[in-house]
Amino acid sequence: MPRNAGMPLDEAWLSGTRVNLSAAERRVATLPGRRSVKKDAQAGWLLKAVTCIDLTTLSGDDTEGRVRRLCAKAKNPIRPDLLDAMGMGERRITTGAICVYHRFVAAAVDALKGSGIPVAAVSTGFPAGLVPHDVKLREIEASVADGAAEIDIVITREHVLTGNWQALYDEMRDFRKACGHAHVKAILATGDLKTLRNVAKASLVCMMAGADFIKTSTGKEGVNATPLVTLAMLREIRAYHDRTGFLVGYKPAGGISAAKDVLTYQFLMKEELGRRWLEPDLFRVGASSLLADIERQLEHHVTGRYSAFNRHAVG
């Protein structure tokens with residue numbers, strides 16, 4: 001699949017971008033009642049979700065030991081006895097990636113050696129993104145040099161809030177260039193952007209500038225991923241694909257901790273973009289505790305009993 005090569009900034013396309021808020025709200029409000037999966041089907045959806053998780057630790061008290069434990073979990077996210085009981089013991093199921101600060105990229109790359117699991121590094125002054133531009137570029141380059149295959153950058157929210165789309169485009173272009181072969185996920189921090197129209201426009205500009213993924217949040221804002229902003233972003237991905245032919249991925253992040261919540265995002269992906277966007281090269285979920293709840297639900301599926309949450313702790 002060719003990477004998104006981007007396109008020149010199209011101001012006319014941006015000026016015509018609209019979001020019908022009431023229609024979008026109705027769309028997401030009806031989703032849980034119209035889509036429900038049970039038993040084997042639910043287990044299948046949840047196992048697919050595991051392969052799309054960016055297993056994340058982004059705390060001030062992170063240590064190399066914690067990161068290495070997380071990497072071990074990424075390689076074996078579901079207990080072998082549960083996989084065997086579901087007839088999936090022969091499948092190689094791993095998480096989509098590990099996501100860490102630059103400080104721990106080299107340790108994560110070492111811990112995941114030979115697994116095929118990529119390391120994603122948050123960058124560009126995460127989470128606020130208010131460090132000097134040249135520092136942001138050097139941080140990206142340092143993470144790539146340490147072995148990061150994916151870079152999660154944060155945009156400058158001021159460019160969106162002031163409507164300076166050229167500045168946002170130029171910034172994103174620089175980030176894409178600094179990433180080189182590494183894929184770049186553009187974090188919009190949607191909770192800071194005030195309106196769905198701003199979210200839609202920021203999504204378009206980042207894709208025009210070459211983003212491989214657009215991502216909702218750092219997980220540090222007051223409001224993180226929601227089905228409503230997801231719908232707005234997915235429809236811009238669809239519009240961009242229709243016009244350019246490039247497939248851009250999507251990553252919701254922040255506050256997705258329950259198995260039932262990730263199902264909602266999967267259903268939206270399937271209905272708005274199609275089956276192709278359910279694979280980990282186009283869909284990721286940034287999460288730290290989600291995996292524990294998925295494993296707990298799968299144990300219930302196999303045994304008929306719920307286990308204590310602390311038996312499935314991550315990190």
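The model is predicted, with local features requiring pLDDT of at least 70 and side-chain atom pairs pLDDT 80 or more, while totals for chains, interfaces and linings use all residues. Residues are numbered from 1 along each chain, and side-chain values use heavy atoms, without hydrogens and water.

The side chain of E272 also forms a polar contact with that of R27, as the table shows.

| Side-chain pair | Polar contact |
|---|---|
| E272 and R27 | 3.0 Å |

E272 lies in helix α12 (residues 259-272); a helix is a DSSP run of H or I with at least four residues. Because its relative accessibility is 6%, E272 counts as buried (under 20% relative accessible area, with a 1.4 Å probe and protein chains only). Leaving aside residues up to four places away in sequence, E272 touches R27, L231, L234, R235 and R238, contact meaning heavy atoms within 4.5 Å.

T156 is placed in the loop between β4 (150-154) and α8 (157-161); β marks a strand, a DSSP run of E with at least two residues. T156 is likewise buried, because its relative accessibility is 8%. Beyond residues up to four places away in sequence, T156 touches G129, K136 and E171.

Notes: Buried means under 20% relative accessible area, exposed over 50%, partly exposed in between (1.4 Å probe, protein chains only). A polar contact is a pair of N or O atoms within 3.5 Å; within protein, one must be able to donate a hydrogen and the other to accept it, and residues adjacent in sequence count only if both atoms are side-chain atoms.
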